[in-house]
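My entries follow in the order I made them.

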Amino acid sequence: FFCSIATTDQQAASFEMEMSQAGFSAHYSQDWVMLGAVGAYDWNGTVVMVKDSGISIPTNDTFRDRLSEKNEPLAAYLGYTVNSAFTPGGILYIAGQPRYNHTGQVIIYKMEGRDVQVLQRLKGEQIGSYFGGVITTIDINRDSFTDLLLVGAPMYMGTEKEEQGKVYVYSLNKTKFEYQMTLEPIKQTCCSPLKQDTCKVLKNEPCGARFGTAIAAVKDLNLDGYNDIVIGSPLEDDHRGAVYIYHGRGNTISKKYSQRIASGGDGEKVKFFGQSVHGEMDLNDDGLIDVTIGGLGGAALFWSRDVAEVNVSMQFIPKSINIQQQNCQINKRKTICINATICFKTRLKSKADTFESSLQYWVTLDAQRQISRSLFAESHERKMQKNITIKGSDCIKHNFYMLASKSFKDKPDFQDSVKVLLEFNFSDPESGPVLDSRLPNSISEYIPFTKDCGAKNKCISDLVLSVKTSIAGDSSSPFIVKSRNDKFTIQLSVKNKKDSAYNTRVLVQYSPNIIFAGIEDVQKDSCESNHNITCKVGYPFLKPEEEISFKISFQFNASYLLENVTVHVYATSDSEEPPETLSDNRGHVTIPVKYEVGLIFVSVFKEHHVIIAANDTVPTAINTTEQIGDEVTLHYRIEKGEHFPMPNLTLQILFPNVTEAKNTLLYLTALSHSQNAICQTSYPVDPLKIGTGKPFVLPKIKEPTKDTIMDCDTYSCASINCALVPSDISQVNVSLRVWKPTIIKASIHSLTLVVKALLRSENSSLILRNDHQKLETMIKISKELPPGTVPLWVILLSIFAGLLILALLIFALWK
């Protein structure tokens, strides 16, 4: 209601200190008493400074910055809250002005005698946020000087126009406050009429949290030597309220709250929990600071719980594991047993006296592995839970053993140390002291494996690796992959020429165009495969002069078509090996490959027969395509194979269209194809337009050819070139007419025309099978003889038969 009397009317009476409400806020700074007077100077406000020697009342212009102010400030409420900061150079005075320019500001100043000297102004960033409505300073590291200034903006609007609130944290650098971070509450979801179906309906308005309504600097709550901060958020949970505790560290506070205390009420009888907070006193004489949290309808007192330091240590005998020196027998099998001693030491941070506490702890063996290599002797399990009562300090012993068989191969991998994880807490964590959050509530120790290499205690190995493949290929003759199911193997041999090579393993890296298919001549669980393959060889160690061979099989990956298959192999161990002998630890295989596309390329007919009647004559003109001669239709079909993708293809169809005398032989009348084909011809379709009804007058010709076979190897041919993009099925249809006048004029009785179709892959890695690269179609043309005409071949054959019979008779009579 303060702003309701603010006015800019120049004729209205101007109030100075008459309605100042001095004492609206107050703060004692060991030098001056600060009294906030929000109603002074037409509710722009001021801060009255009081001490035993007198009173200083700043004028209306004292705190104003006329250079940056564009408008006359109205109802800015300077002095809404006041505080001070202690620095090595003196005291800084701080006043909040939450309605200044509607965004709020905080003014930092010092006193020069009775005069005010403004040092800094901190500006709010959102209209109506009430920035500066709450200000608190705190000495985090307890060195008597202020470390932080916290400025509350409790009405800061969130993304859904709810009053979430925000707290700005500034660190003090000499006499200037520098922005450090902002603190925010758990986001409160508000419901509107548009959201009734998707969220719980809230009963109270306004919705939000108003985080920062109360900000209290409290003494060290967690006994870590640093003071802490408690922030109230009274509108959370439908006006039930909550508070947040932030622990100090160094000269600042953590950005993440360490504890959130919800009201637990019903939001009706008691609400706005966190409206006020106080934490300066020990109310129950236990040496710990307690916190009082107020709300509408009551206040709650929270006792602080003491903080306990719990230090835990573990020791093992033996300190390391030698897999060649078994020291016990479990289930009639020799293995290695380890004695573990776990010691606990506890103390309260608030006092030096020893106290009795009940702890619960959990121990996990080989914690970093899914399958443990060791078990507890008492339970034969990898995990154990126990309780122990401690007064000051105490130790307890446990025994566990390594899983093993005669060959020590039941549980492979003795490379990584055995990790022993111990977790602990108080048996009743809800009462009594709490664990120090700065100390871990779990520890882990590692038990390494040692190597038995004689007196030098250092193994010097010399591994030799050899690699052979079951397939071969080079750049001039690459290996042809015919199916994705095709497999090949790599044979690996590892030999150790010197000391035992512990944890010997072969690492295999391979290109993505092959897939690991399996392993031969070695235990199946000896190899692990993710993308790379790691195989354990001669586990747990490869003896001197021992050699082990095995095979790894691969199959081809149709998803990756690369020009080369590459495999890199490397043999290594945990033993040392001199650099000069490492060159033979590596192997490399590169095999150029091509992939045979298993497509199907067919033509419907291999041969076409055309007969020219003896009484056929050459017409003077051709009026329809039927008068040209018999039609020959060629259908070419390409179907996708099942193993590899279809490449871009080129189909070339060649046919002899003219004789040497340039007389037409085959006339192209039609060309059709599937949608994935783009075809171009060197010879136009129906170039004489006979199919459109245009008559063609035949010229008088002579055809001297004597050849009975015409193909594109010796004769000029027309071509049809089709580019085929990948598709499951591709089709090209060609219609040709035999040019009958040329055949009639020729002095030959038969003629064979060869039409050739050539298919080519445009992808160099995807090749075609030989029988799918070329198709030939024979067009065989025969001329009938006129009636009464005896063919020359019949005459010649008769003469030959007569001479043969005569020779037989002469031979018989001579006998």
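**Cavities**

I worked on a predicted model throughout.

I took the largest cavity next; about 100 Å³ of space lies in it. I listed 15 residues in its lining, and the closest to its centre are Gly45, Asn60, Phe63, Arg64 and Gln97. I sorted the lining of the largest cavity by class and got five nonpolar, seven polar and three charged residues.

I then turned to the second largest cavity, with about 40 Å³ of space. I noted that its lining consists of Met314, Phe316, Ala340, Ile342, Val363, Leu365, Phe376, His398, Phe400 and Val420. By class I have nine nonpolar, one polar and no charged residues there. I traced the lining back to strands: E23 (307-317), E27 (337-348), E28 (356-365) and E31 (393-402) each supply at least two residues.

**Largest pocket**

I put the space in the largest pocket at about 530 Å³. I found 18 residues lining the pocket, and Ile245, His247, Gln259, Arg305 and Val434 lie nearest its centre. I recorded strand E19 (259-262), strand E21 (290-296) and strand E33 (434-435) as the elements that give two or more residues to this lining. I counted ten nonpolar, six polar and two charged residues in the pocket lining.

**Surface patch**

I looked up nonpolar residues on the surface and noted a patch formed by Ile795, Leu796, Ile799, Leu803, Leu806 and Ile810. Together they have about 580 Å² of accessible area. I placed Leu803 in helix H4 (residues 792-814).

**Backbone**

I kept in mind that most residues other than glycine have a negative phi, and that most peptide bonds are trans.

I found a cis peptide bond between Ile317 and Pro318, with omega about 0°. I located Pro318 in the loop between E23 and strand E24 (321-322).

I noted a positive phi of about 65° at Lys662, which is not a glycine. I found Lys662 in the loop between strand E52 (649-656) and strand E53 (666-673).

I also noted Asp686, where phi is positive and near 50°. I placed Asp686 in the loop between strand E54 (677-681) and strand E55 (696-697).

Is each of these two residues, Lys662 and Asp686, buried or exposed? I have Lys662 as exposed, with a relative accessible area of 63%. I have Asp686 as buried because its relative accessibility is 9%, and buried means under 20%.

Note on methods. Residues numbered from 1 in each chain as written. Predicted model: local features only at pLDDT ≥ 70, side-chain atom pairs only at ≥ 80, totals over all residues. Heavy atoms only, no water. 1 Å grid on protein atoms, 1.4 Å probe; cavity = no way out; pocket = protein on both sides within 12 Å on 5 of 7 lines; lining within 4 Å. Points joined across faces, edges and corners; volume = space filled by probe spheres on them. Nonpolar A, V, L, I, M, F, W, Y, C, P; charged D, E, K, R; others polar. Helix = DSSP H or I, 4+ residues; strand = E, 2+ residues; numbered from the N terminus. Patch = residues over 30% accessible without salt bridge, like charges linked within 9 Å, V, L, I, M, F, W, Y side chains within 5 Å. Areas by Shrake-Rupley, 256 points an atom, 1.4 Å probe, with all protein chains shown as cover. Salt bridge = Lys/Arg side-chain N within 4 Å of Asp/Glu carboxyl O. Buried < 20%, exposed > 50% of the residue type's maximum accessible area, 1.4 Å probe, protein only.
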